[in-house]
Amino acid sequence: METIEKPLPTKTKVLKEEPCEITFSVEIPKEEVIRETDSVFQQIQTRASLPGFRTGKAPMELVRKNFTERARQSVLENLVSRAAGQVLRDRKLQTIDTPRVEKIEFELGKPLSFQMKIEKDPEVKAKDYKGIKVTRPSTDVTDEKVDKTLDELRERNASLIASTAAKIDKNHFVVIDFEGKIDGKPLPGGSAKNHLLDMTSPQTIAGFSEGLLGASVAEQRPVTVTFPADYARKEWAGKQAVFDVSVKEIKEKKLPALDDEFAKDLGLASLAELKLKVRENLEKEETARADKDVEEQIYQYLLDHHSFTVPPTLVEERLRVLTQRALSGLQRQGLIQAGDKQAESTLREKTRPQAEKDVRLSYLLKAVATQEKLEPTDADVNELKKKALAENKDQGAEIEKYFTERDSSIRASLMEGKVLEFLKKNAKIKPAKE
């Protein structure tokens, strides 16, 4: 038979209540402390091993004398845990994070008191979310857009050939060796061999490509640059660096002719078919872009018309995700090194407003879902899983595991989709040209 734990006779008082946090004072009377202390010592006695006594047979007075601190810690942990759980149950509170216990006053045989802070969801009621006025951007695809895309395709399929030019100009590609130094000391990650530099593209460090204009093959020259004041690596920000550069090759781009042969190289029958395919793809991209723009306008309207505090813990968690994503991107580009704490700190500050916005929006979407009864059902989840299994018949076990482990995030995604469709259906959307 399951043992039902008796409620603690605690004195609980709300000291401070904020939208997302409540601070309680909790006091447990000395009688309960003594009762718990006796219980803990009895448990210790059954396992105590002291010189001259068999395990579990030492007299209680010796157990109390030798295991006072262990008992004190156990009593404190047991009573605080029980009291905290009881406060949450009695007041029907759902916490976001583990309650924070502080300002503990405790001695064996005396009342135990402490303060407890709990973080909770804000009470959010969505309003005025029907009939949101938004403007849908034009999705027209002009001949100019098609021509520009074809030019970009030619650029992506261009080949690099040796240039007959004697000196580097701004339209060239150059193969170089370089080594960078600040104050005469080598820059970590600031050197390379056989590096292909596109003189036509903006450089991370302004002035580097400009410093090579007019150089010839086999020439060695120093190029002096100044790192931007907001450069991700703070130890280099605003400092002057000298790169010793050796020019090895000068290359230029050769574009393919825009004809049927070019289309065939891309897997299409003719130039006419290529142009048609490009237009279709552009139309899909423009439609997706317009859809996204409409969604962003709806989300921004909700954010602009609802003001409330969000839990710091959730903001910090979202901030961690966004910061790590940005750091990974910069590392892949070679702009920062792994473990760069200064870059991480800078990114955290820049990303914090977006993290707060994301958390606020999540609460607003939940509020609309609740008010309009749009929460996803088990049938919705099963339908999504059924579709995934049908599309990936050889990954059944992995999909089952994914849906089991990610149930809450899957439901959150389904809910967001339902709410978004509801908001768009009830919005007043007009085309941009009207």
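Predicted model: local features only at pLDDT ≥ 70, side-chain atom pairs only at ≥ 80, totals over all residues.
Residues are numbered from 1 along each chain as its sequence is written, and side-chain values use heavy atoms, with hydrogens and water left out.

Across the whole structure, the search finds 30 salt bridges, each defined as a side-chain nitrogen of Lys or Arg within 4 Å of a carboxyl oxygen of Asp or Glu. One of them joins the side chains of Lys145 and Glu286, at 3.7 Å from N to O. This pair links distant parts of the chain, with Lys145 in helix α4 (residues 143-156) and Glu286 in helix α6 (residues 271-304), 141 residues apart. Helices here are DSSP runs (H or I, at least four residues), numbered from the N terminus. Glu286 is buried at 12% relative accessible area, whereas Lys145 is partly exposed at 32%; buried means under 20%, exposed over 50%, and partly exposed in between (1.4 Å probe, protein chains only). Lys145 and Glu286 also belong to a salt-bridge network with Arg289.

Helix α6 also holds both Lys292 and Glu296, 4 residues or about one turn of the helix apart. Their closest N and O atoms lie 3.9 Å apart in a salt bridge. Lys292 is partly exposed at 46% relative accessibility, and Glu296 is partly exposed at 35%.

Finally, Arg348 forms a salt bridge with Glu316, with 2.8 Å between the closest N and O atoms. Here Arg348 in helix α8 (residues 341-371) is linked to Glu316 in helix α7 (residues 312-332), 32 residues apart. Arg348 is partly exposed at 22%, as is Glu316 at 32%.

Conventions. Helix = DSSP H or I, 4+ residues; strand = E, 2+ residues; numbered from the N terminus.
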